[in-house]
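Here are my comments on the model you sent. Please read them with the structure open beside you.

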Amino acid sequence: MQGHMESVDAAAFFSDGRRVVTGSWDHTLQIWDVQEGLTSVGGPLWGHNNRVLSVAVSPDDRRIASGGVDKTIIIWDVESKQKVFSPLVKHTDWVWSVCFSPDGKMLASGSSDRTVVIWNAENGTVLDTTTSSSQYGVERRIQPRWAKISLRIIGLVVWAPDGTQLVSASYDNTVKFWNSSNTGGNDQFARGSKADPSVIPDKLGSP
């Protein structure tokens, strides 16, 4: 079957190791069977109206999340290839990264709008929003022509395996650790520590 028509910016494996989902500038997602010679499974998933920049698969392989230039996030049902609910709207700029929590109940998203949004992955509601303002970052060795966009982008969000922390990586040269605590079923995030990636190798004993 026909593949993507434009550049592919995102990919994620299913936990079964057999399938991969990809996201493209052609505004679509596709699921591929890598054990059958990279065969497309069910054709493209249409829903975004601009480039897809990020994809993630839920731990149980039943759902896919995607985000992109249209500033929205879509959660897809893998079996039906349909949206679980309407696109999630909160970010005011491109969505560069999406990641399910280890239990699959939450979804984190990182954007050029300097925020990380925590979503309830089961009903699409916003649980929390954390702000990564440049005042908390380490602004150094950034070339002037890149400065305006660099300080705006949260390029990656990823959960710790036990779900107690969320890490965000930004173009302001910082990595931030957000702590999650569950109280009465509500998920609350507090600002944790920040690390300068340039000194992390020294702490690990690297040359």
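Predicted model: local features only at pLDDT ≥ 70, side-chain atom pairs only at ≥ 80, totals over all residues.

1. Salt bridges. The structure holds 3 salt bridges. In one of them, the side chains of Asp 16 and Arg 19 meet, with an N to O distance of 2.8 Å. Asp 16 has a relative accessible area of 38%, so this residue is partly exposed.

2. The bridge between Arg 18 and Asp 33. Here the side chains meet at 2.9 Å, N to O. Arg 18 sits in the loop between strand E1 (8–13) and E2, while Asp 33 belongs to strand E3; the pair therefore ties together parts that are 15 residues apart in sequence.

3. The bridge between Asp 61 and Arg 19. The closest N and O atoms of this pair are 3.9 Å apart. The cut-off for a salt bridge is 4 Å, so the pair at 3.9 Å is counted. Asp 61 lies in the loop between strand E6 (52–57) and strand E7 (63–68), and Arg 19 lies in strand E2, so that the bridge links distant parts of the chain, 42 residues apart. Through shared partners, Asp 16, Arg 19 and Asp 61 form one network of salt bridges. Asp 61 is buried, with a relative accessible area of 10%.

4. The largest nonpolar core. Which members of this core touch the most other members? They are Phe 14, Val 21, Leu 29, Val 55 and Ile 64, out of 14 residues. Two or more residues each come from E1, E3, E6 and strand E8 (72–77). E6 gives the largest share, 3 residues.

5. Another core, of 12 residues, lies apart from the largest one; among its members are Ala 65, Ile 73, Leu 88 and Val 117.

6. His 91. This residue is found in the loop between strand E10 (88–89) and strand E11 (95–100). Is His 91 buried or exposed? Its relative accessibility is 5%, so His 91 counts as buried. The side chain of His 91 makes a polar contact with the side chain of Ser 109 at 2.7 Å. A polar contact of 3.0 Å also joins the side chains of His 91 and Asp 113. Apart from neighbours within four places in sequence, the residues in contact with His 91 include Lys 71, Ile 73, Gly 110 and Val 117.

7. Positive phi angles. His 27 is not a glycine, and its phi is positive, near 80 degrees. His 27 is in the loop between strand E2 (19–24) and strand E3 (28–33). Arg 114, also not a glycine, has a positive phi of about 75 degrees. The loop that holds Arg 114 runs between strand E12 (106–111) and strand E13 (115–120). His 27 has a relative accessible area of 26% and is therefore partly exposed. Arg 114 also counts as partly exposed, because its relative accessibility is 26%.

Terms used
Residues numbered from 1 in each chain as written. Heavy atoms only, no water. Helix = DSSP H or I, 4+ residues; strand = E, 2+ residues; numbered from the N terminus. Buried < 20%, exposed > 50% of the residue type's maximum accessible area, 1.4 Å probe, protein only. Core = buried A, V, L, I, M, F, W, Y, C linked by side-chain atoms within 4.5 Å. Polar contact = N/O pair within 3.5 Å; in protein donor to acceptor, adjacent residues only side chain to side chain. Contact = heavy atoms within 4.5 Å.
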